[in-house]
Amino acid sequence: MDIIIKGGTVVSPYGRKQTDVMIDHGKIVAVGDAGGMQAERVIDATGKIVIPGGIDPHVHIESPYMGRKGGDDYYTASVAAAIGGTTAFIDFVKPSGDTPKRELAKKRISMAEERGAVVDFSFHVVLNGATPENLGEIPELVRMGLPSFKMYTTTTRDGDIYESMRAIKESGGLPYIHAENAGIIEYLTAKALAEGRGEWINQAYTHPNISEEEAIQRMALFARRLGMPVFIAHISTHEGAALLREAKKAGLPVYGETCPHYLLFTEDRLREEDGFLYMQTPPLRRREDNEALWEALKTRSIYSTSTDHASFSRYEKAMDLKTDENGKYIREFNKVTNGVPGIEMRLPTLINGVSEGRLTWEDLVYVNSYATAKIFGFYPRKGLIEAGADADIVLVDPDKEVTVTGSMLHMKVDYSIFEGMKFKGWPVMTIQKGTVLAENGEFAGPRGHGTFFRREMDPAVLRTSDWQ
């Protein structure tokens with residue numbers, strides 16, 4: 001036996017038990033009393049919470065955007081992910097001219113391997129229109145183990161989205177939607193700029209809640225009429241949370257995620273001098289939205305949590321801004337690079353939610369790993385601590401108190417939106433496929449430990465939300 005984790009509280013989405021976990025050759029071989037069994041390493045987990053490794057379904061790594069590269073590569077981002085308790089993530093394959101998406105996907109997989117990613121990884125493929133070439137590639141991409149497809153209601157016509165969704169359904173895949181109403185945003189942005197309202201806060205005013213609510217409704221209607229599932233990225237509003245709650249009650253497979261920044265911060269951050277650092281799309285909302293999103297996680301009507309990680313530096317965030325005679329930025333919200341770094345802070349945010357009574361440990365496992373694994377095709381290898389699964393396991397000290405500083409984090413960026421925040425409960429060990437990758441805030445594993453994960457959707461899961 002390689003590892004025995006002894007005496008921890010092992011948690012599933014449906015219960016917890018103080019017991020042992022036995023690991024050999026990268027797999028969980030048993031969960032139960034280890035008795036007098038021997039192992040190369042015995043980990044005393046007394047007083048610790050033992051949960052499945054987290055899965056982050058939405059990150060942006062080594063993805064240049066208008067001259068901005070971000071600080072992280074696949075090695076540094078995955079190290080930060082591992083230390084933060086994430087053992088797998090999904091990035092993106094973006095279009096590039098006429099190059100076939102299957103070739104772009106192969107390059108992204110090779111890039112992550114060559115950089116030495118330390119956790120498992122996969123990709124969503126971004127579709128930019130219902131061209132014959134795009135639609136024709138969908139079946140092959142699904143066979144490659146890339147069965148989820150990103151589309152933006154802000155940049156892609158409804159007809160293209162609808163026809164792409166039809167093709168995705170025929171191939172057994174899943175549409176993954178950035179849902180905002182482009183017309184509302186464009187009108188309000190033009191109006192704000194014409195009136196000279198460039199303050200950071202105007203990003204929030206030009207992306208009102210109704211923009212997200214309407215787009216989610218539209219995409220859910222498309223999916224319902226086509227008889228297929230749909231997944232909504234980075235839900236930020238109480239209206240969006242309500243729509244998913246209603247879909248769940250109706251047994252409809254309308255799935256979605258939210259992010260730590262939508263749980264913790266409000267638009268008031270955009271009123272600060274450094275408010276541009278908190279700008280992403282959709283923007284930060286109000287306290288009532290924070291509360292509704294926590295409640296949606298607790299009721300499991302929002303199924304997953306992601307970070308939408310983007311490691312742009314301060315300079316990259318502001319590189320299109322001008323300065324006044326005092327060296328201060330002239331505030332033009334539409335010229336700020338959107339995106340925030342957070343790949344290391346997803347699980348700590350959820351753990352603190354447990355400490356505050358917003359979630360149970362069972363809820364945390366559901367939205368941190370299990371539902372994501374089921375929906376996106378990682379299960380049964382990932383998402384639960386059970387015999388036969390990959391030994392992706394995180395130990396949490398529920399009593400450890402941490403005040404976050406940017407210097408203690410491992411994301412390669414020169415600021416942290418979590419600076420100075422206090423968290424109770426913290427991941428103290430991450431095991432991925434039977435190898436200890438992180439221990440007490442330090443990386444302890446081998447470079448290149450992660451591998452490309454070929455995902456396969458389960459039609460029984462995608463057909464209805466009743467699987468949960």
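# A tour from cavity to sheet to loop

The largest cavity has a volume of about 30 Å³. On a 1 Å grid over the protein atoms alone, a cavity is a set of points where a 1.4 Å probe fits but cannot get out. Grid points are joined across faces, edges and corners, and the volume is the space filled by probe spheres set on the points. The model is predicted: local features need pLDDT of at least 70, side-chain atom pairs count only at pLDDT 80 or more, and totals for chains, interfaces and linings use all residues. Residues are numbered from 1 along each chain as its sequence is written, and side-chain values use heavy atoms, with hydrogens and water left out.

**Stop 1: the cavity and the pocket**

Select Pro 260, His 261, Thr 307, Val 340, Pro 341, Gly 342, Ile 417 and Phe 418; these line the largest cavity. A lining residue has an atom within 4 Å of a point.

Next, go to the largest pocket, with about 1100 Å³ of space. A pocket is an open set of points with protein on both sides within 12 Å along at least five of seven lines. Its lining has 42 residues, and Tyr 65, Tyr 152, His 178, Thr 281 and Asn 338 lie nearest the centre. Which element gives the largest share of the lining? Helix α5 does, with 4 residues. Colour α5 (182–194) and β9; each supplies at least two lining residues. Helices (H or I, at least four residues) and strands (E, at least two) are DSSP runs, numbered from the N terminus.

**Stop 2: the sheet**

Two strands pair if DSSP finds at least two bridges between them.

Zoom in on β7 (residues 86–93) and β8 (residues 120–126), which run parallel and are joined by 6 bridges. Asp 91 has Phe 123 in β8 as its bridge partner.

**Stop 3: strand β12**

Select β12: 5 of its 5 residues are buried. Buried means under 20% relative accessible area, exposed over 50%, and partly exposed in between (1.4 Å probe, protein chains only). Val 254, Gly 256 and Thr 258 point one way, while Tyr 255 and Glu 257 point the other.

On one flank, β11 and β12 pair in the parallel sense over 3 bridges. Ile 232 stands opposite Gly 256. The chain crosses from β11 to β12 through helix α8 (residues 238–249), a right-handed β-α-β crossover. Right-handed means that, with the strands pointing away from the viewer, the path from the first strand over the helix to the second runs clockwise. β13 also runs parallel to β12, joined by 2 bridges. There, Thr 258 stands opposite Thr 305.

**Stop 4: two loop residues**

Lys 382 is in the loop between α13 and β14 (393–403). Is Lys 382 buried or exposed? Lys 382 is buried, at 3% relative accessible area. Leaving aside neighbours within four places in sequence, its contacts include Ile 55, Asp 120, Asp 390 and Asp 392. Contact means heavy atoms within 4.5 Å.

Finish at His 25, in the loop between β2 (15–24) and β3 (27–32). His 25 is exposed, with a relative accessible area of 70%.
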